[in-house]
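Subject: Structure for you to look at

Hello,

Here is the structure I said I would send. Please open it alongside this message; my notes follow below it.

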Amino acid sequence: MLFTLVIHAAPHSLLGGTAYNAFQFAQTLLQEGHSIYRLFFYGEGVNNLNAQTITPQGEFNLPGAWQALINEHNIDSVVCIAAALRRGLLDEKEKARHQTQERILASNLLKGSELSGLGQLIEATSKSDRTITFA
């Protein structure tokens, strides 16, 4: 089956590790021979792909794990641009677009993912057999 996963949860939320559950679900899908059409990170979930996230020693590095999974399996990974900008998550293009003399910005979107709009989610939903949301 072909899946799209929508991740709303922050990587280190205190409410039961929903983002971690999404990661484990994605791993299991791939191990069982299914395919992931797209990962779509939305709301607080965009923080799962923030390159400036520092995971304390001894804790699971969820952003690093997402990046490794995306790269290893060549998964299309999309971050909602509006949610990302609200939370200071930028790629090189958005960094250049919003750079001013008063603000020095850095791109901090993990490699292998792209900023885009909700149209990507609609398209993924229409092309997938199942869309699973982790909120």
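The model has an open sheet of five strands in the order β4-β3-β2-β1-β5, paired in parallel. At the edges are β4 (113-116) and β5 (130-134), each of which pairs on one side only. Ignoring direction, neighbouring strands of this sheet are turned by 25° against each other on average. Strands count as paired if DSSP finds at least two bridges between them. The strands (E, at least two residues) and helices (H or I, at least four) are DSSP runs, numbered from the N terminus.

Before the details, some notes on the source. This is a predicted model, in which local features need pLDDT of at least 70 and side-chain atom pairs count only at pLDDT 80 or more, while totals for chains, interfaces and linings use all residues. Residues are numbered from 1 along each chain as its sequence is written, and side-chain values use heavy atoms, with hydrogens and water left out.

The sheet, strand by strand

Strands of a sheet pair through backbone hydrogen bonds, either parallel or antiparallel. Strand β1 (residues 2-7) runs parallel to β2, and six bridges join the two. In this pair Leu 5 stands opposite Leu 39 of β2. On to the next pair: β2 is joined to strand β3 (residues 76-80) by four bridges, again in parallel. Here Leu 39 stands opposite Ser 77 in β3. Four bridges also link β3 and β4 in the parallel sense. Two of the facing residues there are Val 78, which stands opposite Glu 114 in β4, and Val 79, which stands opposite Leu 115 in β4.

How covered are these strands? For β2 (residues 35-41), five of the seven residues are buried, and the strand is mostly covered. In β3, four of the five residues are buried, so this strand is largely enclosed by the rest of the structure. Buried means under 20% relative accessible area, exposed over 50%, and partly exposed in between (1.4 Å probe, protein chains only).

The helices

Together, β2, helix α2 (residues 62-73) and β3 make a right-handed β-α-β unit. Right-handed here means that, with the strands pointing away from the viewer, the path from the first strand over the helix to the second runs clockwise. Helix α2 lies across β1, β2, β3 and β4, at about 140° to β2. Helix α5 (residues 118-127) lies across β1, β2, β3, β4 and β5, at about 155° to β2. For these angles, axes are lines fitted to C-alpha atoms (for helices over the stretch in contact), and values run from 0 to 180 degrees between N-to-C directions.

How do α1 and α2 pack, and at what angle? Helix α1 (residues 18-31) packs against α2 at about 25°, with the axes 11 Å apart. The two helices are therefore roughly parallel to each other; angles under 35 degrees count as roughly parallel, over 145 as roughly antiparallel, 65 to 115 as roughly perpendicular and the rest as oblique. Their crossing is left-handed, a term used if the near helix is turned anticlockwise from the far one by less than a right angle, with clockwise giving right-handed. From α1, Ala 19, Tyr 20, Ala 22, Phe 23, Ala 26, Gln 27 and Leu 30 meet Leu 62, Ala 65, Trp 66, Leu 69 and His 73 in α2. Contact means heavy atoms within 4.5 Å.

Ile 70 is in helix α2 and is buried, with a relative accessible area of 3%. Apart from neighbours within four places in sequence, Ile 70 is in contact with Leu 39, Leu 49, Ile 75, Ser 77, Gly 112 and Ser 113.

Asn 74 sits in the loop between α2 and β3 and is exposed, with a relative accessible area of 70%. Its phi is near 50°, a positive value in a residue other than glycine. Most residues other than glycine have a negative phi.

Glu 32 is in the loop between α1 and β2. With a relative accessible area of 60%, Glu 32 is exposed. The C-alpha atoms of Glu 32 and Glu 94 are separated by 37 Å, and the two residues are 62 apart along the chain.

Regards
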